[in-house]
Amino acid sequence: MSSFKKIGVFTSGGDAPGMNACVRAVVRGAIKHDLKVIGILRGYSGMIDGDMVELDDQSVSNILQTGGTILKSSRSGRFMTEEGRRAAARQLRKERIDGLIAIGGDGTLKGAAIFYEEHEIPTVGCPGTIDNDLYGTDETIGFDTAVNTAIQNIDRIRDTADAHDRLFLVEVMGRDAGYIALHSGLGGGAELVLIPETLTEMDEVKRRIHKLMSAHARSSIVVVAEGDELGGASEIASAMREDDSFSNIDLRVCILGHIQRGGAPTARDRILASRLGVAAVDALIEGHANVMVGVVNNEIKLTPSKNVWSRKKAINNELIRLTEILH
Ligand code: F6P
């Protein structure tokens, strides 16, 4: 019999497709253990303000397939202060919430770890971010949908690139990580993929583009991770435009931006989110705290929160090699 009676669930940081599926799994998983579930609105901001609603089985019906987050999200500056965290702990105690499930990325999990050290309210994290930059899970909730969205858009850009014999620099999200760029570049057949995990000199990029454009004598798509060390797509385009050898190349930039964050989650994200939501509740009632649930090699794994951001998940070198072979 678990010592928990009432748990809180919240989504925080950048929204990611599949967060709703995860909230649904947390709520329904917790109800099966006779727990009450409180939805904390707007992440840590709502925790500080006491902005909370009770969630039952029906509150989470019909959300599995939707993007965004019914609980809303925020990046809370106030929670970064001790005073903000004290106020949040007061609200949770007032509501008699004795455990938390945090759905979000590294900022969310870092916040949860500090909060646990200071106020000892057990928290289990679920990895929810399109960036896939968390150690302890092969994929994060939202990553697969974001990659699919990026690929659909790269396919569309390909039509114009091909029709006009243009070079397109397509920038995708990922913050400091290149997972979205690598996967969407490979799946979208990009001629070149620039990611922060591999260092490439600008001269080398230019040389490779000239080679591609003369060999294909057509169009090329370069997928650029927003965190690439050479800068985003606009910076790279500026460097090219200043170079006379690019004067005959018809160059365009397309920044995919937040369209990668929205939309219905893919089957893969729905299933991952459902597994992780239920696993997070199980972990909490088994007495785990300050851990993140993940799926590694198709098995549920718990990772101490501090490892999630201090260790780097390896980028798949085989996929990098494929982008170099298949363009
Ligand atoms: O972490 C998710 C993410 O979409 C990153 O890929 C991106 O750098 C960032 O959030 C953008 O954040 P915001 O929506 O706050 O501008």
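These questions and answers concern a predicted model of a protein chain with a ligand.

Residues are numbered from 1 along each chain as its sequence is written. Local features need pLDDT of at least 70 and side-chain atom pairs pLDDT 80 or more, while totals for chains, interfaces and linings use all residues, and side-chain values use heavy atoms, with hydrogens and water left out.

Visitor: Which residues surround the ligand, and how many of the shell are charged?
Guide: The ligand is surrounded by Arg75, Thr129, Ile130, Asp131, Met173, Gly174, Arg175, Glu226, His258 and Arg261, where near means a heavy atom within 4 Å. Each of domain 1 and domain 2 supplies at least three residues of this shell. Counting Asp, Glu, Lys and Arg as charged, Ala, Val, Leu, Ile, Met, Phe, Trp, Tyr, Cys and Pro as nonpolar and the others, Gly among them, as polar, the shell has two nonpolar, three polar and, as charged residues, five.

Visitor: What distance separates an oxygen atom of the ligand from a side-chain N or O atom of Arg261?
Guide: A backbone N or O atom of Gly174 lies 3.1 Å from a ligand oxygen atom, and a polar side-chain atom of Arg75 lies 2.9 Å from a ligand oxygen atom. For the side chain of Arg261, the distance from an N or O atom to an oxygen atom of the ligand is 2.8 Å.

Definitions and conventions:
A polar contact is a pair of N or O atoms within 3.5 Å; within protein, one must be able to donate a hydrogen and the other to accept it, and residues adjacent in sequence count only if both atoms are side-chain atoms. Domain bounds come from an automatic or database domain assignment.
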